Amino acid sequence: MLVTEGLTRRFGGLMAMQDVSLRISRGEIRSVIGPNGAGKTTLLNLITGALPPTAGRIAFNGRDITGLAPAAIFALGLVRSFQIPLLFSKLSVRENVELLAYGRLRRSLLGRFAGTRLLDARVQEALERVNLVDHAGREAGTLAHGDRRLVEIAMVLAAAPDVLLLDEPTAGMSPAETERTALLLRGLAPAITLVIVEHDMNVVMSISDNISVLHRGRILAEGPPAKIQANAAVQAVYLGPGDLDAAS
């Protein structure tokens, strides 16, 4: 569903990403982990067109998307969220969700024929998934941090993605909010392919089919959670045996 081959990005003399190759299957939940500065957000920026690669290629659903603009990639069904929730604080929760739903629909033949009925259905389904129907009329800026993150998840879900890239979706959430969000994300597959950058190892180990570990812009290790837990190199450079054991 999503492939990168030899993905490389330089910033002047700094090599931020070097020769990163990924193969992510349809319906898979792939977590991308690594220490700060490992290149995780750079990877998402390259995949979604926010940054052009210095070298390498990206394919989505069999199509080469290397060098496409972010709007064109979004229109194809590859959608992302960000580390900090990007909401229109003065608009209602529903209006924020409607924006992404409309943004995707207006680029599709289906959207031009279905009109507002499909838009309303997608918005309502997204709000129900994140349990924010009762808050739909509230200004987004008045919500607590955890609910603001859920609004952004609803926004990207309303865009009906085929592949969804989430950048630290549980950051700043309480333990209870984190647990609910992890269950939500696990339930999205296999209908949606997920690529998740996440620091909470309990979340990573509980929902991932496979994990890619980045270190200094390269792939250090890759595989299912049990294999990553047992990897001595991962323990040495990032997690530490205690952290891995605690997340099992």
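Colleague: Which side chain does Asp167 join in a polar contact?

Modeller: The side chain of Thr41, at 3.1 Å. A polar contact here is a pair of N or O atoms within 3.5 Å; within protein, one must be able to donate a hydrogen and the other to accept it, and residues adjacent in sequence count only if both atoms are side-chain atoms. Keep in mind that this is a predicted model: local features need pLDDT of at least 70, side-chain atom pairs count only at pLDDT 80 or more, and totals for chains, interfaces and linings use all residues. Residues are numbered from 1 along each chain as its sequence is written, and side-chain values use heavy atoms, with hydrogens and water left out.

Colleague: Where does Asp167 lie, and is Asp167 buried or exposed?

Modeller: Asp167 is in strand 7. With a relative accessible area of 1%, Asp167 is buried. Buried means under 20% relative accessible area, exposed means over 50%, and partly exposed is in between (1.4 Å probe, protein chains only). Helices (H or I, at least four residues) and strands (E, at least two) are DSSP runs, numbered from the N terminus.

Colleague: What else is Asp167 in contact with?

Modeller: Leaving aside neighbours within four places in sequence, the contacts of Asp167 include Leu44, Arg80, Phe82, Arg149 and Val197. Contact means heavy atoms within 4.5 Å.

Colleague: How many residues of helix 1 are buried?

Modeller: Helix 1 is mostly covered, with 7 of its 8 residues buried. Among them are Lys40, Thr42, Leu44 and Ile47. Gly49 follows helix 1 and has a positive phi, near 85 degrees.

Colleague: Now the nonpolar core. Which residues touch the most other members in the largest one?

Modeller: Val97, Leu164 and Leu194, out of 39 residues in that core. The largest share, 8 residues, comes from helix 6. A nonpolar core is a set of buried Ala, Val, Leu, Ile, Met, Phe, Trp, Tyr and Cys residues joined through side-chain atoms within 4.5 Å. In soluble globular proteins, nonpolar side chains tend to be buried together.

Colleague: What does Leu194 touch?

Modeller: Not counting residues up to four places away in sequence, Leu194 touches Glu28, Ile29, Arg30, Leu164, Leu185 and Leu188.

Colleague: Tell me about Ser208. Where is Ser208 found?

Modeller: In the loop between helix 8 and strand 9 (210-215). Ser208 counts as buried because its relative accessibility is 8%. Its side chain makes a polar contact with the side chain of Ser31 at 2.6 Å, and the Ser208 side chain also reaches the backbone oxygen of Val204 at 2.6 Å.

Colleague: And Glu95, where is its place?

Modeller: Glu95 is in helix 3 (residues 93-105). Glu95 is partly exposed, with a relative accessible area of 38%, and its side chain reaches the backbone nitrogen of Ser92 at 2.8 Å.

Colleague: Last one: what pLDDT does the protein chain average?

Modeller: The average is 90, and 92% of the residues score at least 70. Over residues 241-248 the pLDDT is below 50. pLDDT is the predictor's confidence in each residue, from 0 to 100.
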